[in-house]
Amino acid sequence: MSRMSRGDRRDAIVAAAVAVAVRKGLASTTVRDVASEMGTSSGLIHHYFESMDDVLAAAFKRVASQDLTASGRQMVAAETPLAALKVFFRTYAPADKDWSFQLWLDAWAEAARRPAVRAISRQLNLEWQGLLEGVIRAGVADGTFTCAEPAAAAWRILSLLDGLALQVIAHGTTIGRDDVIAWTTGAAERELGLPDGALAARCARRGRARGTSPRPGPPGA
């Protein structure tokens, strides 16, 4: 490999780990796999990362942070809290076979066994909840929403989204993306004192899972 700065080398390792994880899943990604993807030795990986857990955590953080940033930017650009909430659902709800959300599911599964992955998963989950809570508070402040507990409401909505997303990605035929949108926006409308259908009209059949619409395929695709 050509000479790189330390930061560039770490970035290259993380990019290779993402590419492998998309194909094989986080749990099956090994040091040898990442080294092979880069065309180098396993020793190089160990030189820049203390453990494979740290490599996987960095790979997951790269993908998940991009999704969070993309959703946050679109929500900030929305003209009203209601419009921002519609953006949240449009950019968060999963599409079938979405590779990005599949990495989220892998990370949740691995979090119990890999402390580094658990720490990143927890951090990002808190940031997603904070993003949603902020929109709810803004809507309460301007009179659009009625909600006595914005933080708790955000957790309930997020938990419902994640649970249904698991059904879509893991089981495929059980429920579809339109079901996820209808059920979660309906629950949010009840949480926030909105009329039926206030959120659903522009959320259905648009967007991708936790990211931009449309988003590019995985590295190396």
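Arg118 sits in helix α7 of this predicted model. With a relative accessible area of 40%, Arg118 counts as partly exposed, because that value falls between the 20% limit for buried residues and the 50% limit for exposed ones. Along the chain, Arg118 and Ala107 are eleven residues apart, and their C-alpha atoms are separated by 7.6 Å.

Of the 221 residues, 48% count as buried.

How do two of these helices lie against each other? Two packed helices are described by the angle between their axes and the distance between the axes. For helix α4 and helix α7, which spans residues 115–141, the axes come within 8 Å and cross at roughly 10°. That crossing makes α4 roughly parallel to α7, because angles under 35 degrees are placed in that class. Sorted by class, the residues in the contact of α4 with α7 are 14 nonpolar, five polar and five charged.

Helix α4 itself covers residues 52–77, and Ser71 is part of it. Is Ser71 buried or exposed? Its relative accessible area is 0%, so Ser71 is buried. Even there, the side chain of Ser71 has a polar partner: it makes a polar contact with the side chain of Thr91, at 2.9 Å.

How many salt bridges does a search of the whole structure find? The search finds eight. In one of them, the side chains of Arg114 and Asp53 meet at 2.3 Å, N to O. This pair links distant parts of the chain, since Arg114 belongs to the loop between α6 (99–111) and α7 while Asp53 belongs to helix α4, 61 residues apart. Both Arg114 and Asp53 are buried.

Arg137 and Glu133 are four residues apart in α7, which is about one turn of the helix. The two partners fall into separate accessibility classes: Arg137, at a relative accessible area of 44%, is partly exposed, whereas Glu133, at 16%, counts as buried.

Another salt bridge joins the side chains of Arg156 and Glu191, at 2.5 Å, N to O. Arg156 is in helix α8 (residues 150–171) and Glu191 is in helix α9 (residues 177–191), so this pair, too, links distant parts of the chain, 35 residues apart. Arg156 is partly exposed, with a relative accessible area of 42%. Glu191 is also partly exposed, with a relative accessible area of 21%. Elsewhere, salt bridges that share partners bring Asp53, Glu110, Arg113 and Arg114 together into one network.

Aromatic rings complete this tour. How many aromatic pairs are counted? The count comes to two. In the pair of Phe88 and Phe89, the ring centres are 5.7 Å apart and the planes stand at 85°, so the arrangement is edge-to-face. Both of these residues, Phe88 and Phe89, are buried. In the pair of Phe88 and Trp128, the ring centres are 6.1 Å apart and the planes stand at 70°, so this pair is edge-to-face as well.

How values were computed
Residues numbered from 1 in each chain as written. Predicted model: local features only at pLDDT ≥ 70, side-chain atom pairs only at ≥ 80, totals over all residues. Heavy atoms only, no water. Helix = DSSP H or I, 4+ residues; strand = E, 2+ residues; numbered from the N terminus. Buried < 20%, exposed > 50% of the residue type's maximum accessible area, 1.4 Å probe, protein only. Polar contact = N/O pair within 3.5 Å; in protein donor to acceptor, adjacent residues only side chain to side chain. Axes fitted to C-alpha atoms, helices over the stretch in contact; angles between N-to-C directions. Parallel < 35°, antiparallel > 145°, perpendicular 65-115°, else oblique. Nonpolar A, V, L, I, M, F, W, Y, C, P; charged D, E, K, R; others polar. Salt bridge = Lys/Arg side-chain N within 4 Å of Asp/Glu carboxyl O. Phe/Tyr/Trp six-rings, centres within 6.5 Å; stacked < 30°, edge-to-face > 60°.
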